[in-house]
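Morning, everyone. I have one structure to walk through. Please look at the screen.

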Amino acid sequence: MRIRLLGTLDISDDGHPVGLGGPRQKRVAACLAAAAPDPLTVDRLIDEVWGDRAPATPAHEIST
């Protein structure tokens with residue numbers, strides 16, 4: 001798997017592009033890749049994705 005974080009986020013697996021979904025999914029993928037190999041807590045992901053504008057059920061939103 002190859003992950004490029006500088007410029008446009010790009011993830012490929014064995015040379016094939018991996019679909020990343022919408023902006024929120026891309027942000028989650030970028031946060032996880034940037035922190036690797038260390039794990040991120042759900043609270044940290046919520047802060048990175050929404051900041052002060054988190055929805056009422058942010059943990060549920062992260063998992064979908």
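Which residue in S2 stands opposite Arg2? Ser12 does. Keep in mind that this is a predicted model.

Let's stay with the sheet. Three strands form an open sheet, in the order S1-S2-S3, and the pairing is antiparallel. S1, residues 2–4, and S3 stand at the edges. Each has a single partner strand, so one side of each is left without a neighbour in the sheet. S1 and S2 are joined over three bridges, in the antiparallel sense.

Now the backbone. Most residues other than glycine have a negative phi, and most peptide bonds are trans. Two places here depart from that. Asp14 is not a glycine, yet its phi is positive, about 55 degrees. Asp14 sits in the loop between S2, 10–13, and S3, 16–17. Asp14 is also exposed, with a relative accessible area of 67%. Next, the peptide bond between Ala36 and Pro37 is cis, with omega at about 5 degrees. Pro37 lies in the loop between H1 and H2.

On to the core. Nonpolar side chains tend to be buried together in soluble globular proteins. The largest nonpolar core in this model has nine residues. They are Val28, Cys31, Ala35, Leu40, Leu45, Ile46, Val49, Trp50 and Ile62. The elements giving two or more residues to this core are H1, 23–35, and H2, 42–50. H2 gives the most, with four.

Last, Trp50. Leaving out residues up to four places away in sequence, what does Trp50 touch? Arg24, Pro55, Pro58, Glu61 and Ile62. Of these, Ile62 is also listed in the core, as is Trp50 itself.

Conventions:
Residues are numbered from 1 along each chain as its sequence is written. This is a predicted model: local features need pLDDT of at least 70, side-chain atom pairs count only at pLDDT 80 or more; totals for chains, interfaces and linings use all residues. Side-chain values use heavy atoms; hydrogens and water are left out. A nonpolar core is a set of buried Ala, Val, Leu, Ile, Met, Phe, Trp, Tyr and Cys residues joined through side-chain atoms within 4.5 Å. Buried means under 20% relative accessible area, exposed over 50%, partly exposed in between (1.4 Å probe, protein chains only). Contact means heavy atoms within 4.5 Å. Two strands pair if DSSP finds at least two bridges between them.
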